[in-house]
Amino acid sequence: MHAQSPGRFVVTRIRDGLGILLLVTVVIFLLGYGLGDPAALMSPVDATPEEIENLRRLLGLDRPLYVQFVDYFGHLLRGDFGESLWQYRPALPIVLEALPFTLLLTATALVLAGLLGGINGTLAGFWAGSRFDRATNFLTVAAVSVPSFWVGLILIAVAAVRIQLFPTSGFTGWQSLVLPAVTLAVVHGGRIHLLVRSATFEEMTKPYAMVARSKGLPDRLILWKHVLRNTSVTVATTIGWEYVRMLGGAAFAVEVVFAWPGIGQLMINAANRHDFPVLQCAVIIAGAFVVATNALVDIGYRLMDARLRVA
Amino acid sequence: MLDARLGRNEDIEEARALARQATLSRAGDLFWPAVIVALVLLALTGDALAPYAPTAQDVGARLLPPFATSSRGFHLLGTDPLGRDLLSTMIAGTRLSLFIGVTATFIGLVIGVGLGMAAGYYGGSVDRLVMRLAEAQTAMPMFLVAILFLVVLGPSVFNVIILLPALVWPAFARLVRAETLRLRETLYVEAAVATGCTGPQVLWSHILPNVAPRVAVLTVIEVGHVMLAEAGLSFLGIGVQPPDVTWGLLIARGRPYLAVAWWLVTMPGVLLGLAVLAFNMLARRFEVASGSAA
C-alpha cells in the first residue's frame, strides 16, 4: 500500500467516481441502443413495422453505434436527456420534479434508521448476551430477512386500513411521510444495528478497554470516553452504505407500495409505458447520487479514521 | 489505497456480524436447518404435497380467510380472488423462488471465486483489473441497471437468472482474494510450487479447499440476498412473469386485495422471510462451527 495525502485521495476518489458514472452511462447506452431496439421500445405496442422503421430513421438509429454514443453523450452533457414519449416534454425536468420526494423520503428514513440502529446497536453490544441484546438481535435479523416492500404492505394493512392512522398513498403532507419512512427505517436500521452491535462488542473486549477496566473505570465511562470514539466511524460508514442501498434501489419498491411520487415510482411507470428517455434519465440521475454518496463515504471514512490518515 | 477500499465490504461484514450473534439455543441450531430441508423437499416434490392443484379455480370459494372450508375442503391459508388455494400456490412458488436464488448465487460464486483466486494468486495487473471491476460493479447502482436491463430484454426467468449473479460476484471475489493472499504465503503452497505445481494446480488443489468453508458461509448469506432481490424485481413487475409463480409475484398478486384479504400478501411474505431468516441463521451456524466467529 502506498502512502497518499488526504488531498490527493479526495482528488483520486472524485476522479474514480466520475469514471464510474461514465461507465454507467456507457452501460445504459449499450443496453438501450446495442442490445435493445429503441425504435421498437419507443413505439406504441400496435405500431406497424413501417412506422417503427420511419422512427428509426428519424432518431438517427441507422448510424454506426459509436457515432450515436458521441451524439448521445454530447446531449447528456448539455442536460438534454431526450423527450418523454408519454408526457411530450423533456425528460430531465420530469425526473428533477420527482427527485426532491425521493431525497426527502430517503433522508428521513436514514435519520430514523441511524438513530434506531446506532443507539440500539451500541446498547446491545454494550450489554452483549443480555435479554435486551437477544430480543433486539432476533428482531433485527428478522427485519433484514424480509423484503422492505412487504414490510410496507403490512404497515398499510395494520396502521392504515384497520385503524386509519396515516395516509397510505401519494403525498398530501407530512403524515404521508410517516409510513414509508418507518418502513425503510425498519429494514435499514436492522442492518445498521447488526454492524454497530458487533463493532461495539469487539471494541469492548479489546485490550485498551481491559486496561481501562483494570484501572477502575466503570464500563459506562469506557463506552462513553473510548469505545464510542472508535465505533462512531463504523456507525457513520454503515449509515453511508445504507444510503447507497436505499438510493440504489431499495427505496424504489417502497415508493411504489405507497404511491410516493419519487424517482422509483417514476421509473416503474416509465418502464411500463416504455418511456425510455425518462427511464434512462432517472437511472443516470439516481446513479449519480449513488456514486457521489459512495465517494463521500470513502472520503469521510478516510478523513475520520486516524489510523488510515497519512501524516 | 486499494486495501482501504477493500475494507468496505458490506456483505462480508454483514455475514460476520450475523455470525457473531450468540443467541440461539441448541434446539434452535436444529430448527433452521430443518426449515431449509423442508423448503427443499417442498421444492422437489412440489405439487405432490400440495393439498390442491395450484391453478384450480373455484368461484364459489373466493377470498376465503385462513382455516376456512369450501365445498372442496379445508383451506389452511385461505383462498385468492379466483378461489385458488393459497397454500398450494405458495408451495408451487417455492420451486422457482429457491431455484432462482440458488442458481444465480452459484453462477456468481463461480465467477467470483475464479476471479478472486486469480487476483490473489497472480497479483499485479490481474489483481488490479479484477478489483477495479469489482469496485466499479459495487459502486454502480446495479438495481437501477437491472430495471433497465429487464425492460430492454424483456422480463423472464432466464434473464433474471443471468442478471442476478452480477449483484453477488464482487463479494465472493473480495473474500476469496483476501484469503488467497494469505494462503499464498503458507509453507504448503510454497512446497507445492517447489515440487513443480502449475498455478492452476495450486489454486485447484491447495487454495480452493482452504477457501471453501468461508465461501460456503457467504454463499448461504447471498442465497438469501438473491431471493430478496428476485422478489423485489418480480413485485415490481419486471422479474418473473405469470404463469410462472414465485413468492415475490404472489405478494404482488395479493396487493390489490390488501384491504379485504390480508392473508394474500402476508403469507407469501412470511414464507419468504422465514426462508431468508433460515439461510441467515444457517450461515451463523457454519461460521461458529468453522471456529472463525468471535
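How many helices and strands does chain B have? Chain B has 12 helices and two strands. The model is predicted.

**Chain B**

Along the sequence, the elements of chain B run α-α-α-β-β-α-α-α-α-α-α-α-α-α. The table lists totals for this chain.

| Property of chain B | Value |
|---|---|
| Share of its 294 residues that are buried | 60% |
| Share of contacts with a separation of 6 or more that join residues 24 or more positions apart | 72% |

**Helix H6 of chain A**

H6(A) covers residues 131–143, which is 13 residues. From first C-alpha to last, the helix reaches 18 Å. That is close to the 18 Å expected at 1.5 Å a residue.

Which residues of H6(A) are buried? They are Asp133(A), Thr136(A), Asn137(A), Thr140(A), Val141(A) and Ala143(A). Viewed down the helix axis, the buried residues of H6(A) fall within an arc of 150°, so they line one face. The face turned away from that buried side carries Arg131(A) and Leu139(A), both exposed.

**A nonpolar patch on chain A**

Val111(A), Leu115(A) and Ile119(A) form a nonpolar patch on the surface. Together they have about 280 Å² of accessible area. Ile119(A) sits in helix H5 of chain A, residues 91–126. Why does Ile119(A) count as partly exposed? Its relative accessibility is 48%. Partly exposed residues lie between the buried limit of under 20% and the exposed limit of over 50%, so Ile119(A) belongs in that class.

Notes: Residues are numbered from 1 along each chain as its sequence is written. Chains are lettered from A and ligands numbered from 1 in the order in which they are written. This is a predicted model: local features need pLDDT of at least 70, side-chain atom pairs count only at pLDDT 80 or more; totals for chains, interfaces and linings use all residues. Side-chain values use heavy atoms; hydrogens and water are left out. Patches are made of residues with over 30% relative accessible area and no salt bridge: like charges are joined within 9 Å, nonpolar side chains (Val, Leu, Ile, Met, Phe, Trp, Tyr) within 5 Å. Accessible areas come from the Shrake-Rupley method with a 1.4 Å probe; for residues, only the protein chains shown count as cover. A salt bridge is a side-chain nitrogen of Lys or Arg within 4 Å of a carboxyl oxygen of Asp or Glu. Helices (H or I, at least four residues) and strands (E, at least two) are DSSP runs, numbered from the N terminus. Buried means under 20% relative accessible area, exposed over 50%, partly exposed in between (1.4 Å probe, protein chains only). The expected span of a helix is 1.5 Å times one less than its number of residues. The arc is that of the directions from the helix axis to the C-beta atoms. Contact means heavy atoms within 4.5 Å.
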